[in-house]
Amino acid sequence: MKLAKKIILIAVVLITVVAIALYLQYRQVLNYAKTPINLTEEKIFTVPAGTGRVAFEALLINEKLIEQGNEFQWLLKLRPELAQLKAGTYRLLPDMDVEQLLKLIVSGKEAQFSIRFIEGNRLVDWSNILRDAPYLAHKSTEMTPTELYNAIDFKGEGTLEGWLYPDTYLYTAGTADTEILKRAHKRMQASLENEWKGRDRDLPYKNAYEMLIMASIIEKETGVDSERSQVASVFVNRLKQKMRLQTDPTVIYGLGDKYRGKIYRSDLDNYTEYNTYKIDGLPPTPIAMPSIASIKAAAHPAKTDYLYFVADGKGGHTFSRNLNDHNRAVKVYRQIEQQN
């Protein structure tokens with residue numbers, strides 16, 4: 001009996017020791033979950049598709065985010081909800097611990113990147129911005145114009161110039177650039193249709209596309225919101241009176257890569273289909289991506305009898321009803337330029 005009691009006592013002691021050891025190991029693993037990752041600044045971190053637990057740990061160690069040890073795999077076993085890894089590209093922050101990192105990967109909330117297109121940008125500017133955007137899949141560069149139009153459901157007139165809505169667009173890693181273009185085109189199409197339906201009824205436009213062309217000219221002529229409707233009124237009045245628009249931004253657009261940073265008399269005398277000193281009416285396409293403010297101005301120009309405008313040297317413009325007043329305004333502007 002005494003031997004049996006000793007065996008039982010030893011067994012109890014061993015079980016107790018093992019239980020304590022397991023408990024301490026359990027606590028150590030749980031405490032490990034609160035260990036900060038090795039990060040001093042924001043980091044973009046990608047989990048490739050098909051990455052398992054072991055490969056994921058190796059990836060973290062290789063990126064020096066965690067130290068090598070047994071705790072990580074034990075943590076995934078003790079808390080299996082943290083092992084449901086989702087492929088993607090994530091934004092890691094320097095104050096994260098191991099548990100927070102795992103919860104982020106499990107959530108699938110990928111990092112959001114932004115791309116900004118400014119009012120007045122041309123299509124070529126958009127192409128350059130897209131080309132330089134990080135983590136974007138560049139598919140449009142390999143497409144013909146027809147393939148690109150099909151990919152973004154482009155159903156507008158002319159080219160894509162003018163048909164993309166300037167704004168900031170968010171995307172996740174691997175998003176195709178055509179998806180950004182598709183979203184921008186849909187917004188511009190919807191905005192133009194809406195403004196066309198509510199436009200003033202005495203405008204000299206044949207269709208919504210002509211109004212878009214006008215909006216692009218307004219966009220390039222002024223960045224002052226309060227002036228947009230007045231600039232629109234000048235161009236609308238000139239169209240109604242069969243006067244040429246004579247607007248420099250269209251000349252610059254027609255020159256393309258030949259533009260030398262300044263318009264010369266030879267440029268004004270040289271015919272292009274965009275030179276509104278030489279052509280009647282509107283140019284064949286927009287010359288930039290207009291803002292919604294410029295589209296609204298084109299749809300609702302101010303009621304004026306202005307036919308001319310020139311920069312006033314203070315960031316705005318001086319508007320005139322006749323050529324004599326305009327020439328005086330031009331003289332004042334040139335004097336201000338010489339003083340500066």
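Is Glu 99 buried or exposed, and what is its relative accessible area? Glu 99 is buried, at a relative accessible area of 6%. (Buried means under 20% relative accessible area, exposed over 50%, partly exposed in between; 1.4 Å probe, protein chains only.)

This is a predicted model: local features need pLDDT of at least 70, side-chain atom pairs count only at pLDDT 80 or more, and totals for chains, interfaces and linings use all residues. Residues are numbered from 1 along each chain as its sequence is written, and side-chain values use heavy atoms, without hydrogens and water.

**View 1. Confidence along the chain.** The mean pLDDT (the predictor's confidence in each residue, from 0 to 100) is 90 for the chain. A score of at least 70 is reached by 91% of the residues. H12 has the highest confidence, at 98. H1 has the lowest, at a mean of 59. (Helices are DSSP runs of H or I, at least four residues, and strands are runs of E, at least two; both are numbered from the N terminus.)

**View 2. Glu 99 pairs with Lys 34 in a salt bridge.** The two side chains meet at 2.5 Å, N to O. Glu 99 belongs to helix H4 (residues 98-107) and Lys 34 to the loop between helix H1 (2-32) and E1, so the bridge ties together parts 65 residues apart in sequence. Lys 34 is exposed, at 52% relative accessibility. A network of salt bridges links Lys 34, Arg 79, Glu 81, Glu 99 and Lys 103. (A salt bridge is a side-chain nitrogen of Lys or Arg within 4 Å of a carboxyl oxygen of Asp or Glu.) The structure has 20 salt bridges.

**View 3. Helix H4 is mostly covered.** Seven of its 10 residues are buried. Among them are Val 98, Leu 101, Leu 102 and Ile 105. Asp 97 caps the N-terminal end of H4. One of its side-chain oxygens lies 3.2 Å from the backbone nitrogen of Glu 99.

View 4. Side chains of opposite charge can pair when their charged atoms come close. Asp 225 and Arg 228 meet at 2.9 Å, N to O. Asp 225 is exposed, at a relative accessible area of 57%. Arg 228 is buried, at 8%. Asp 305 bridges to Arg 321, with the closest N and O atoms 2.7 Å apart. Asp 305 lies in the loop between H12 and strand E5 (308-311), and Arg 321 in the loop between strand E6 (317-320) and helix H13 (323-339), so this bridge ties together parts 16 residues apart in sequence. Both ends are partly exposed: Asp 305 at 45% relative accessibility and Arg 321 at 48%.

**View 5. Aromatic pairs.** (Rings of Phe, Tyr and Trp, the last by its six-membered ring, pair if their centres lie within 6.5 Å; planes under 30 degrees apart count as stacked, over 60 as edge-to-face, the rest as tilted.) The count is 13 aromatic pairs. Phe 45 and Phe 56 have ring centres 6.3 Å apart and planes at 65 degrees, so they are edge-to-face. This pair links distant parts of the chain, with Phe 45 in strand E1 (residues 43-47) and Phe 56 in helix H2 (residues 53-62), 11 residues apart. Both residues, Phe 45 and Phe 56, are buried. Phe 113 and Tyr 135 have centres 4.7 Å apart and planes at 20 degrees, so they are stacked. Here too distant parts of the chain are linked: Phe 113 is in strand E3 (residues 113-116) and Tyr 135 in the loop between helix H5 (123-132) and helix H6 (145-151), 22 residues apart. Phe 113 is buried, at 7% relative accessible area. Tyr 135 is partly exposed, at 39%. Ring pairs also join Tyr 149, Phe 154, Trp 163 and Tyr 209 into a cluster.

**View 6. Arginines over rings.** (The charge counts if NZ of Lys or CZ of Arg is within 6 Å of the ring centre and within 35 degrees of the ring normal.) Arg 187 places its charged end over the ring of Tyr 165, 4.1 Å from the centre. Arg 199 lies over the face of Trp 196, at 3.5 Å from the ring centre.

**View 7. Asn 275 is buried in a loop.** The loop runs between helix H11 (265-269) and helix H12 (292-299). Relative accessibility at Asn 275 is 0%. Its side chain reaches the backbone oxygen of Leu 268 at 2.9 Å. The side chain of Asn 275 also reaches the backbone nitrogen of Tyr 277, at 2.9 Å. Not counting residues up to four places away in sequence, Asn 275 touches (heavy atoms within 4.5 Å) Val 251, Asp 267, Leu 268 and Asn 270.

Key. Polar contact = N/O pair within 3.5 Å; in protein donor to acceptor, adjacent residues only side chain to side chain.
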